[in-house]
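Please walk me through this structure in the viewer. Tell me what to select at each stop and what I will find there.

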Amino acid sequence: MTQKQSEGAGPSGPQPGGPEGGALGHQRSGGPFWRTARPFRALLVGGVGAASLAALVLTAAAGFDQPYVALVFCLVIAGGELARITLPGNRESAPIALAGAIAYAFLIGLGGEPSHHTAWQVVAVVALGVALGELPHVAVGRSPRLEDVARRVLTALLLAAAFRPIVEALALTGPSVAVALLMTGTVALAWALDVALSAVLRAERLCTRLRVALRDEARAQVATGGAIASSGVLIALACTVTGLVGLLVFLAPLLVSQVAFRRHAEVRRTYLETVRALSRVTEVGGYVENGHSRRVSQLSHGIACELGLAEAELLELEYAALMHDIGQLSLREPIAGGATVLASPREQRRIAELGSAIIRETGVLDNVAEMVRRQCEPLAGDGDEGVPPLGSRVIKVANAFDDLVGENGDAERRAAVVERLRMDTDSEYDPRVVDALSRVLERR
């Protein structure tokens, strides 16, 4: 639904945004590495990489304690990395690898024989296992997200640094209630730190508020985190009595959980892909121009992140932005250029209401349908319903911008359109949303 302009080169948009399809990214210009738009990520990856290298060198120089045990855990971690999954929110996870790393950090004995491996050896084994498991992914072009890999190694490092000295100081060699409580408390603290770290990374990646990112990460990781942490503790305690048999016994339930997590993620991904395919019907039918729905969705996601919307709200907004023009299918004749911003208010309302009616037929997207229905309303709303939902106001601004700029608008035209939208903030457009749009465009 855009009125394309012939001059200028369009903004090179990121990959589809939203919780399922990646974030609205930053356009990076050339320059020294310390000028990266994500300095915290660079610091994390660099620091963990340096620590891993140091651990490998120190452990190789000192020799491995119980090398066959180290090899078994290294292979388990490598297998877990090979079977890593992508969860909703574009979160990479390797439950088996992380559970194996936790168990090795907590291992105080094996079948009655005490284990005296150091924290450095734990980091070396985990880092080597992670590297081996990721090699096949890299070989076929599925490179991991380095910050997620670094977080897994850092978790093992923190657990080993906190727990191994206590094992040596208290000469712990067998399971007990005190040991189980110590393991549980340590892993709970490490999980809390990992949630905080992932929230900082998410806030940096999406340019959203840290408080919102922290809440989203805590909710997203509570189920997987609990399953992984409990499995790691149980494996460590079981191996103390039964040897490596305990490793196999307690990895089996986690493997079942991982399959369930994977299927849930695939269902969510399929659902989103279905919505994306549906949004292209208006493009294929010639009602809007190619890429319009995708661009509005990306832009809406970036604006919503600036405004601090939670992950669940971002997902609903992405659905609504993708399908905001589906009501045009009811038109006998397409609007010129598909630009509803140039249509009469009556026609805009009719398109929005018909689109909302289509979406309500699904029976599960009522909030999305309401956002689509009220996207054409002025800032103060129509009638007694009050101010439109924030998602509707975001879509209204993103849609108007893309209608007036299209895919090929240059920087000067984009700036002019933003100023035009600002002129209508008294009645039509939410000034906070227009300001957020301006900040998103500046990062491009």
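## Stop one: a leucine on α4

Select Leu132, which is partly exposed, with a relative accessible area of 40%. This leucine is found in helix α4. Keep in mind as you go that the model is predicted.

Which helix gives the most to the nonpolar patch? Colour residues 119-139 to see it: helix α4 contributes three residues.

Next, go to the loop between β1 (85-87) and β2 (91-93), where Asn90 has its place. Check the backbone here: phi of Asn90 is near 60°, a positive value in a residue other than glycine.

## Stop three: the cysteines

Move on to Cys207, in the loop between α6 (177-206) and α7 (210-242). Cys207 also has a positive phi, near 55°, and is a residue other than glycine.

While you have a cysteine selected, how many disulfides are there? With a cut-off of 2.5 Å between cysteine sulfur atoms, the count comes to zero.

Finish at Cys376, which is buried, with a relative accessible area of 15%.

Key:
Residues numbered from 1 in each chain as written. Predicted model: local features only at pLDDT ≥ 70, side-chain atom pairs only at ≥ 80, totals over all residues. Heavy atoms only, no water. Helix = DSSP H or I, 4+ residues; strand = E, 2+ residues; numbered from the N terminus. Buried < 20%, exposed > 50% of the residue type's maximum accessible area, 1.4 Å probe, protein only.
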